[in-house]
Amino acid sequence: MNIQLDKHGRLKHFLSIEGLRRELLVDILDSAERFAPVGERAVKNVPLLRGKTVVNLFFEPSTRTRSTFELAAKRLSADIMNLNIEASATSKGESLSDTLRTLEAMNCDMFVVRHQNSGAAEFIANQVASHISVINAGDGRHAHPTQAMLDMLTIRRAKQNFEGLVVAIVGDVKHSRVARSEIQALNTLGVAEVRVVGPKTLIPSQVEALGTKVFHQIERGIAGADVVIMLRLQNERMQSALLPSAHEYFQAYGLTERRLKLAASDAIVMHPGPINRGVEIDSAIADGPQSVILQQVSNGIAVRMAVMAMAIGTQAIAGAN
Ligand code: NCD
């Protein structure tokens, strides 16, 4: 059984896109659509998670993911506590299990976890008391499911549906948890084609087995694409220098106006952030009319509200039984 679902098949933890049905992904998107207007109102919250306590448990630095989880929790009226783990107990030698027990003793309801090791969120989900939900906010190179879902919401809003779409993911696919989760989500939602584009050193082996077509030339990889997703060079995850230089990378793989003309005329350009201007993407594109990069950020709040409400909602129902 999928550890992410309760015995009724409802979302309990959100750790990965893998193994989740298309209907559940569509439910998350539909629910996010209902939450999106909350952020545009004068009073930007709903009382859905009043009295619930959410902990942002970040073992790795983050700006937009951490802050949009925080805003999502606040817009649902939950109490949220941000734990900066590097500056906290584990650096004093406390084990992860002891940290978790301590947080459980504070009667927390949800842990939002970011960790440098693949599998960390699932490890925590297996450890915590049964009333606690765990949301993966990015684990190593493995998965970043809420980022994938906010990207799916951004695509659906721009293109209405997924059928027939050609999506190109360009750059450092090898070190990208975002790319892995996106590939799974795009295939589950039934796009026509997922392409991964990059130099051999940055494309994982056997990525075709995940349902992708591999291209090593950006011009061919983005030709006719409806959606172009650019990825950051994740230098912090590279064991050794896999590339000559940022300048040469931009020459070979940077998204420029000239190259973007090869994609569909109404193609959208996405990037999970943080952006390296002039490395993977030209500023003119990042700030241009086809860029939906800032919409991704706003959509992230709505998607995170949806996931938190679904996971804690599951608990409420389970508790009532
Ligand atoms: C991504 C991440 O941390 O995996 N960023 C994010 O969540 N917005 C991608 C990246 O760091 O390049």
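Trainee: Is Asp 287 buried or exposed?

Mentor: This is a predicted model, in which local features need pLDDT of at least 70 and side-chain atom pairs count only at pLDDT 80 or more, while totals for chains, interfaces and linings use all residues. Residues are numbered from 1 along each chain as its sequence is written, and side-chain values use heavy atoms, with hydrogens and water left out. Buried means under 20% relative accessible area, exposed over 50%, and partly exposed in between (1.4 Å probe, protein chains only). At 54% relative accessibility, Asp 287 is therefore exposed.

Trainee: Which residue meets Asp 287 in a salt bridge?

Mentor: A salt bridge is a side-chain nitrogen of Lys or Arg within 4 Å of a carboxyl oxygen of Asp or Glu. Here the N to O distance is 2.9 Å, and the partner of Asp 287 is Arg 277.

Trainee: How many salt bridges are there by this rule?

Mentor: Side chains of opposite charge can pair when their charged atoms come close. One of the pairs is Arg 10 with Asp 6, whose closest N and O atoms are 3.3 Å apart. With the rule applied, the count is 15.

Trainee: How many residues apart are Arg 177 and Glu 60?

Mentor: These two side chains form a salt bridge at 2.9 Å, N to O. Arg 177 is in helix α6 (residues 177-188), and Glu 60 is in the loop between β1 (53-58) and α2 (64-75). Helices (H or I, at least four residues) and strands (E, at least two) are DSSP runs, numbered from the N terminus. The pair links distant parts of the chain, and the separation in residues is 117.

Trainee: How far is an oxygen atom of the ligand from an N or O atom in the side chain of Arg 177?

Mentor: Arg 177 is among the residues around the ligand, where being near means having a heavy atom within 4 Å of it. The distance from the side-chain N or O atom of Arg 177 to the ligand oxygen is 2.7 Å.

Trainee: What share of the ligand's exposed area does the protein bury?

Mentor: Taken alone, the ligand exposes 320 Å². Accessible areas come from the Shrake-Rupley method with a 1.4 Å probe, and for residues only the protein chains shown count as cover. The share of the ligand's area that the protein buries is 95%.

How values were computed. Polar contact = N/O pair within 3.5 Å; in protein donor to acceptor, adjacent residues only side chain to side chain.
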